[in-house]
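Student: I have just opened a new structure and would like to go through it step by step. Could you take my questions as they come?

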There are 2 protein chains.
Amino acid sequence: MAVTIEFNRQSKELIVSESESVSSLQNGHYGVMKKGIVYLFPEEALYLMDIRNAKCYDENGSELRFNDLSHFLYSRKLMARYFTYKDWRDRGLMVRGVDEARGGYGKSPIKKYPSGKFTPPKYSIEGLFFPDDLITIIDDEEVGRELYESYWLGQFGSYKAEQRGKLSKLDVYETLFMLKHCGLHPKNSTERRVKAYAKKSRPDLHYMYDVYEDWRLRGFILKTGFKFGTHFRVYFPKASPTKTGDEWVHSKHVIHVFPRSSRMLISEWARAIRVAHSVRKTFILAIPGAKRKAKAKLDFLLYHRKNGGVEVPGKDDPSFVMLSLSEEEQIGGAELAEAIEGAKKLGLDLILAISDRETSVTYYRVRRIELPGSKYEYYEIEWEQP
Amino acid sequence: MAVTIEFNRQSKELIVSESESVSSLQNGHYGVMKKGIVYLFPEEALYLMDIRNAKCYDENGSELRFNDLSHFLYSRKLMARYFTYKDWRDRGLMVRGVDEARGGYGKSPIKKYPSGKFTPPKYSIEGLFFPDDLITIIDDEEVGRELYESYWLGQFGSYKAEQRGKLSKLDVYETLFMLKHCGLHPKNSTERRVKAYAKKSRPDLHYMYDVYEDWRLRGFILKTGFKFGTHFRVYFPKASPTKTGDEWVHSKHVIHVFPRSSRMLISEWARAIRVAHSVRKTFILAIPGAKRKAKAKLDFLLYHRKNGGVEVPGKDDPSFVMLSLSEEEQIGGAELAEAIEGAKKLGLDLILAISDRETSVTYYRVRRIELPGSKYEYYEIEWEQP
């Protein structure tokens with residue numbers, strides 16, 4: 001039998017009082033039970049109407065359709081919330097409002113990355129900086145080769161053919177790093193001027209550089225991630241371009257830099273992750289920049305599968321907390337950092353649920369990383385299929 | 001024997017006069033021959049020095065290294081030009097300055113797309129528009145189902161499960177299209193207000209909509225390209241969501257909208273193509289917006305392979321014209337459109353050659369498309385491995 005929902009326009013309460021419906025809703029973990037009556041959350045009522053043929057009436061007995069009720073209940077991002085709620089429910093999994101969270105769940109372990117210490121080599125090197133191309137050429141063959149072979153700084157010779165040519169090419173991050181740490185002296189430029197040029201095409205240059213330096217000084221090798229649609233690809237400490245055959249270690253991680261001060265469309269943000277996923281790299285998100293206030297209301301507690309069944313509200317702890325998003329909205333770095341912080345406080349991993357323009361939902365799970373000694377926060381983002 | 005290059009600081013000419021070197025350079029199609037002397041282009045001289053051990057001396061007999069010569073020859077984007085020149089040469093293929101082009105090559109055929117005519121259905125439909133989610137819900141089950149099944153407007157029920165639920169969801173482009181053409185009347189909004197809301201997160205909304213409408217009115221079906229990292233995925237005329245099994249036609253094309261007025265980093269631009277490529281979709285670039293002046297100097301004529309060998313300057317026509325770019329520079333829609341226009345005038349397809357931060361070069365070929373009756377220009381962009 002279809003559930004009947006009573007909606008009170010004054011109090012905006014959604015209640016179900018008919019006894020058969022009440023027990024069916026209780027079994028399905030909908031709403032909150034008080035004195036034999038179930039009080040539903042807006043998304044629950046909409047779901048029951050959309051999927052389970054529930055009928056809704058106001059206090060005068062007039063029937064309300066989905067849009068009538070949505071109009072009365074209107075709140076920010078109601079549909080992003082509704083579609084992501086619906087999708088999780090459609091998978092036979094439970095979902096509850098985040099207000100019920102009691103915290104301390106301890107389900108958000110930190111992944112600790114290895115860390116070495118890199119002592120930059122000291123040289124006195126001349127080079128020529130090309131401001132439009134943001135590249136520095138070192139034409140001292142001996143130094144260029146050593147920088148490449150011993151430290152993987154620059155690209156000596158040709159890409160994947162080091163024996164072809166005798167120049168070393170430093171990208172803009174390597175240029176700045178060597179200006180600061182390794183005694184590089186471009187004969188036509190200075191650190192200040194390199195930065196000024198680079199900011200013309202990349203206003204977020206200093207954040208990019210900060211992340212580059214942070215990983216480099218801990219022994220990681222960072223090279224361009226262009227082929228993987230991202231800012232950097234990462235080799236773990238002790239990687240070398242001169243190792244061949246079985247000794248050669250592929251890059252398995254890429255880093256995308258999303259400063260707190262920046263904003264971008266969810267669709268563009270997800271695009272970067274999608275490329276990394278298609279080439280089977282672990283996607284690491286860096287959120288550099290000073291803390292700033294941002295609103296990020298978490299949306300739902302997600303109950304997942306467990307051995308022999310599904311997690312059940314009241315009995316089991318939730319596995320994740322969800323932020324409901326839609327394809328065409330913008331997200332800020334600060335806002336995302338704030339949501340991650342909120343999840344951390346609850347002891348849960350954050351799930352970003354993105355409802356696209358066809359209401360198909362994609363899930364990304366955010367895992368915390370610790371890079372020992374770093375002042376920045378990094379996260380692995382994984383595509384999750386619940 | 002290594003070639004000796006003489007550089008004149010006043011005239012900036014690069015000449016080779018020693019007879020053995022002259023004939024070797026002629027065989028390799030380097031430079032321009034005048035009275036037994038070869039005049040080299042800057043990139044050619046740099047290439048010979050970098051790869052073929054050429055020595056360079058100025059008029060006083062002082063040797064110039066790569067950086068010395070680059071410093072004297074400095075011009076905008078010299079390294080982007082040099083690395084892309086080098087890469088094409090390294091493949092055993094010939095490349096010449098674009099100034100030599102005589103045009104009329106007739107190697108830039110237009111690909112004609114099929115085109116139907118779509119007459120939008122006339123209704124009088126109520127809906128509710130959600131400004132944060134940029135979505136319109138139609139809760140009239142009968143109309144929603146018909147819009148979906150007959151015209152693939154909106155998503156009825158659930159994505160890939162139409163029978164689940166009875167609502168129809170229109171994305172913002174479908175909302176605007178139906179407002180204009182199909183008698184949609186959101187009870188809480190108007191065309192002007194929908195546009196105003198959408199522009200908050202998407203300032204380029206009207207260009208997106210123009211492209212959507214352009215293809216829709218010609219019988220194509222456009223749905224979100226979110227899963228493919230792009231703006232729209234495209235179904236050719238007569239596609240229907242109700243066809244199943246063998247009758248079902250997959251989308252094989254995606255559209256990315258890059259307005260003339262917008263600018264973006266080459267790395268971000270390439271990222272969008274990369275996702276499409278990884279899912280084997282044809283990437284279509286739309287460049288809407290009014291024509292505006294832009295500088296786009298084409299860089300090189302590219303000679304490619306032919307039956308039994310390679311195309312040779314002087315004997316064969318070039319196959320492409322190249323625009324040399326680097327990963328960290330920005331490109332504008334107008335600039336790109338201008339370069340395409342320049343290539344079209346020569347009768348060649350444009351090749352975008354992007355040198356990444358490690359000087360590895362990626363090639364994208366631009367093919368012109370004709371969408372009959374459209375006022376806009378569209379291009380297929382293909383990853384090319386020469």
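Student: Which residues does I137(A) touch, not counting residues up to four places away in sequence?

Tutor: Within chain A, I137(A) touches G127(A), L128(A), F130(A), L167(A), S168(A) and K169(A), and from chain B it touches F66(B), N67(B), M79(B) and F83(B), with residues up to four places away in sequence left out. Contact here means heavy atoms within 4.5 Å. Before we go on, please keep in mind that this is a predicted model, in which local features need pLDDT of at least 70 and side-chain atom pairs count only at pLDDT 80 or more, while totals for chains, interfaces and linings use all residues. Residues are numbered from 1 along each chain as its sequence is written, chains are lettered from A and ligands numbered from 1 in the order in which they are written, and side-chain values use heavy atoms, with hydrogens and water left out.

Student: Where is I137(A) found, and is I137(A) buried or exposed?

Tutor: I137(A) is found in strand β10, which covers residues 135-138 of chain A, and it counts as buried at 0% relative accessibility. Buried means under 20% relative accessible area, exposed means over 50%, and partly exposed is in between, using a 1.4 Å probe and protein chains only. One of its contacts, K169(A), is 32 residues away in sequence, yet the two C-alpha atoms are 4.8 Å apart in space.

Student: Zooming out, how many helices and strands are there in chain A?

Tutor: Chain A has ten helices and 26 strands, where helices (H or I, at least four residues) and strands (E, at least two) are DSSP runs numbered from the N terminus.

Student: What about the overall dimensions of chain A?

Tutor: The C-alpha trace of chain A spans about 85 × 40 × 30 Å along its principal axes. Its radius of gyration is 27 Å, whereas a compact globule of 386 residues would have one near 21 Å; the radius is taken over C-alpha atoms, and the globule rule is 2.2 Å times the number of residues to the power 0.38. Of the 386 residues, 60% count as buried, and among contacts in chain A with a separation of 6 or more, 65% are between residues 24 or more positions apart.

Student: Why can we say that the copies meet through the same surface?

Tutor: We can say so because 100% of the interface residues of chain B are also interface residues in chain A.

Student: New topic: what is the phi of K238(A)?

Tutor: Phi of K238(A) is near 85 degrees, a positive value in a residue other than glycine. Most residues other than glycine have a negative phi. K238(A) is placed in the loop between β15 and β16 (253-257) of chain A, and it is exposed, with a relative accessible area of 73%.

Student: Which positive phi shows up in chain B, say at N53(B)?

Tutor: Phi of N53(B) is near 60 degrees, again in a residue other than glycine. N53(B) sits in the loop between α2 (42-51) and β5 (55-58) of chain B, and it counts as partly exposed at 45% relative accessibility.

Student: Last one: where is F177(B), and what does F177(B) touch?

Tutor: F177(B) is in helix α6, residues 172-181 of chain B, and it is buried, with a relative accessible area of 0%. Not counting residues up to four places away in sequence, F177(B) touches several residues, including F118(B), P120(B), L153(B), Y209(B) and Y212(B).
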